[in-house]
Amino acid sequence: MSLMDKIKTVTVKLKGIVQGVGFRPFIHRLALQNNLKGWALNSSAGVEIQVEGTQNSIDMFYRDISQLPPPAHITEKIIEPIRRKNFTSFTIRKSISDQNNFTIIPPDISICQKCKNDLFDPNNKRYNYPFITCTECGPRFTIIFGYPYDRIVTAMNKFIICDECYIEYNNTVNRRYHSQTNSCPSCGPKLSFVNTDGNIIEGSSVLNTIKFLSEGKIVAIKALGGFQLVCNAENDRAVNNLRKRKNRLDKPFAIMVKDLTTASGYTYISSEENKLLSSFCAPILLLRIKNNATISSQVAPHQKYLGIMLPYTPLHLLLFNLSPFSSLVMTSGNISNEPIEKENIKAIKNLKGIADYFLLNNCEIYNRCDDSVMFLFGKRSMFIRRSRGYAPAPIIKKIQLKKVLALGSELKNTFCFCKGNYLFISGHIGDLKGVDTFEYFKMTVTKVEESSKIKPEIVAYDLHPQILTTDFADRYSKNNNCLKIGVQHHHAHIASCMVDNNVSRNNNVIGIALDGTGFGTDGNLWGCEFFIADYRKYTRYASLKYLPMAGGEAAIHEPFRMAISILYNLYGNDLFKSKLEILNRISKGKIKLITQMVDKKINSPLTSSCGRLFDAVASLIGVIDKVSYEAQAAIELEMIADENVSDAYKYKSIKEDNIILIDPASIILGIIDDLNHNKSKGYISGKFHNTIINFSVDICQSIKKKYGVRTVVLSGGVFQNRILLRKMYEQLKKNNFNPLIHKDIPCNDGGISVGQAAIASHLEL
Amino acid sequence: MDKILISHGSGGKASKQLTEEIFLKKFDSKILNKLNDQGIFSINGTKLAFSTDSYVVDPIFFSGGDIGKLSINGTINDISMSGAKPLYISVAFIIEEGFLIHDLERIVDSMSICAKKAGVEIVTGDTKVIHKGGVDKIFITTSGVGVIDRSINIDASFACVGDKVIINGTIGDHGIAVLSKREGLDFNTDIISDTVPLNGLVNRMLDVCKYIHVMRDPTRGGIASSLNEIAETSNVGINIYEKDIPINEGVRGACEMLGLDPFYIANEGKLIAFVPKDDADDILVEMKRDEYGKNASIIGEVVEEHKGVVYLNTVIGGKRIVDMLIGGQLPRIC
């Protein structure tokens, strides 16, 4: 026996996302492959393993562990040699349960290559079977209703596993060993195809779906995390119909494409983007559209980017494989502001005004899950919406947090439970003003509270007095005997980006929060904020000078109100003598009324919002006067911008109450001058983008000079604007700053809950 | 709470807090605690309703009325909402030095015509004059008493699951009329205050059905505040339907332009009644016969679920919570 053959025994302790992701079966197989004996179990800390075998086998075992099944993720690995145990076999031992320990619920995983092969193999028993899964792919979060993860606490409990599938389930070398979702055509869920009266249409459900989609019909499909409204993306009439029926005038639709080749026919795709599209998360990725893309112009009007995803369930694959379609519009099956539908009967009732037919199945969806939306900034992937494929798995950061429930914002709501360095961020919840959405919010809070086993010491919420989370925080803190802490919206934005970048507790940063509007501590609506901040506190160093938002929320829907507000601020009643184009487009009566509302302070709250300044410019130069979806004016202004412009407008700033105020009117003066000289909209927009970057960098310089802070944190929904993000980042780098941008947490309001959690955790109570 | 804010008088959450934490606590009256628009009690076997209100509207003359008309109709309506027949009214004036006698006469004439039309008698009064600047033009306080038929039992806590919610006409007219006059806003259409006495209408309704459960006049804070108060006091859920709520096109347009939600705008000639399901249609028919009920409409119903909360089913098929107003109408975060 050589030295290498000597038997060794080691303990391996793994932390991270290692439970409920088919990890122990994976370890079991590795042990068998490498001829190792011992055991594995779930412990309070993660997974604990003891293996015994030759050094060579153990080394191979270490190497293979890194080829984890997706979504498993190891954050910490401790290996210790121990005394020889003389194991005779490898076993999965019973979990050591710990009441204080949270359960990690795995996200849903897009269909794996092996299952794809099975799906299209005519000799396989799961040939064309729309519910094919294995331990490495398939629904998880969406079908779970109890813990720990096991078939009896999933929607699969209704389907009695057949003998053949059960044999696979018990076969350690089969990839369906311990697969809780294992099923086949003889024992698993079934499809059905019905009309709007719920009457079944005979024939193959998949072929029926394809037939009606080819005719330009809209079909509501029960997919992974809820219903999707589907139509042929290359059929103008179908897409237009969907827009009309969904009451969605302009907001871009995402599409699902047959394969990567189709995607690269429509859009420019880098190798990183390629990788992300094909990952097990299979998010919607925003990609730059090619001029000759053959999709309907109605899919993403006025956009430079197209939201694309690949088929992520076997059902989606079948729809493409058995049809001539290259791409399908796939949008959430919901009525505006309400959560995505997930039950057959309710979906038919609520969506029959939109869909012509319904492709149903009899497997229940327990948890809704919207598609995730991302884009790539260089090589860095960034979230617009973090949901399917990611939530509800926690984000693990190098930061210590108290036990907090943070309720998030009202729009694009997510909430977050945190403890230690784990952040359990919910998937996309939506606009809480919708009754069913708020019910969904409350229900999901309860669910995550149960699974995370976090009993919050603090409930954190936004300071806006009129949003539903404020009341909820009140009741929650009383019922659960915990503290409640109100957190300023933009401080939360900045803290969310600090967490995302593992900024440690005593570090000061320059925080730039640019967004629509958030409630400020002076009762006004902030949105272009330059803070010197840490997790505990912030100083408002600079902002935009306040402008009245005539009509409050109405000004968000009608950007021309902000344009008139600024022009009135500049010219007073001489405004009516001006020859600006906008004055021909908007009726004199309306303009007069806006000036009166401003003068008399009728429903005209003050705002320093960057988003509202984008609105004003978009309307002033004739891009758009009235929007049909959130941030449309800012988005369309970005889309037309000439990125090669290097000029910028001059701006003035003043100091008031120790805050530097950038005067938006001074920027508008330059724009009017360019309009008078017939400069193009693209040029003006490009120049306006540069102006925001200029004053931002100037403010950072001033802070650096005074306080020596070099780290700049960029957050807020405006940073979804890629021109602004890229140029701001480059300029800050060039000027010797250390800019930090988002990664795992959205920069928009979907990240607010994380910031609230971090701030509430750090306050000294 | 360390200082009185404007929101304490707006009829929303702050008003409620002020009333509960200061007035109810100190005055300690079972009748007051019910927080109805009027106090109800019996004297020698006669059931009476007693109510008081102050009027400080600016401007004092507006399209469709004036401060005097408002002060009489307001108290008549407050009493009527209990099902009582209003009979006698008191009037107290606080007047700014320099106020024109001519204007005072105009106001008093208007009050007198109103009272006669509604069949009530002004039986006592008081006048105080304050130095210039100590009060803004004129404030009027009116109180009134009425008699309630023994068999009638109306209270904000009596809304029952299944009840239909009826309104007697369009919403928001008064608030927008006053605002546009005060601020000199021009909406291209004349928006007229809806101030009217509702005792006649209430009479007709009670003749059809004695078992009306709740009645409220949705003044300050609009129908949103009244519905919320009722949902909370009765501990029931209320569903209302946007498509069924009458609103004048002029008011709708003005609200859109101003960015205001008409559900929170004051009315002065409107009532919301919660009536047994089976009587709703008969009551509605009778209301439509009255000159102040022509546009009456069933706008919703009481449900078992979402206790204490009002849901609005919107025209586009969504559902949202109609909350109590906190302070002014602030735009939502976005």
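Are Phe415(A) and Phe441(A) buried or exposed? Keep that in mind as we walk through this predicted model.

**Stop 1: two rings in chain A.** Select Phe415(A) and Phe441(A): both are buried. Their rings form an edge-to-face aromatic pair, with 5.7 Å from centre to centre and 90 degrees between the planes. Now colour the loop between β17 (395-406) and β18 (416-425), where Phe415(A) lies, and helix α11 (residues 435-452), which holds Phe441(A); the pair therefore ties together parts that are 26 residues apart in sequence.

**Stop 2: a second pair.** Move on to Phe614(A) and Phe688(A), another edge-to-face pair, at 5.0 Å centre to centre and 80 degrees between the planes. Here helix α18 (residues 610-620) supplies Phe614(A) and helix α21 (residues 681-707) supplies Phe688(A), so distant parts of the chain, 74 residues apart, are linked. Phe614(A) is buried, at 1% relative accessible area, and Phe688(A) is buried too, at 0%.

**Stop 3: charges over rings.** Select Tyr312(A) with Arg388(A): the charged end of the arginine sits over the ring, 3.4 Å from its centre. Then try Tyr268(A), where Lys290(A) lies over the face at 5.3 Å from the ring centre.

**Stop 4: the surface of chain B.** Finish with Met1(B), Ile22(B), Phe23(B), Phe27(B) and Leu32(B), which make a nonpolar surface patch of about 470 Å². Helix α1 (residues 13-27) of chain B gives the most to this patch, with three residues. Phe27(B) is found in that helix, and its relative accessibility of 56% counts as exposed.

Technical notes:
Residues numbered from 1 in each chain as written. Chains lettered and ligands numbered in written order. Predicted model: local features only at pLDDT ≥ 70, side-chain atom pairs only at ≥ 80, totals over all residues. Heavy atoms only, no water. Patch = residues over 30% accessible without salt bridge, like charges linked within 9 Å, V, L, I, M, F, W, Y side chains within 5 Å. Areas by Shrake-Rupley, 256 points an atom, 1.4 Å probe, with all protein chains shown as cover. Salt bridge = Lys/Arg side-chain N within 4 Å of Asp/Glu carboxyl O. Helix = DSSP H or I, 4+ residues; strand = E, 2+ residues; numbered from the N terminus. Buried < 20%, exposed > 50% of the residue type's maximum accessible area, 1.4 Å probe, protein only. Phe/Tyr/Trp six-rings, centres within 6.5 Å; stacked < 30°, edge-to-face > 60°. Lys NZ or Arg CZ within 6 Å of the ring centre and 35° of its normal.
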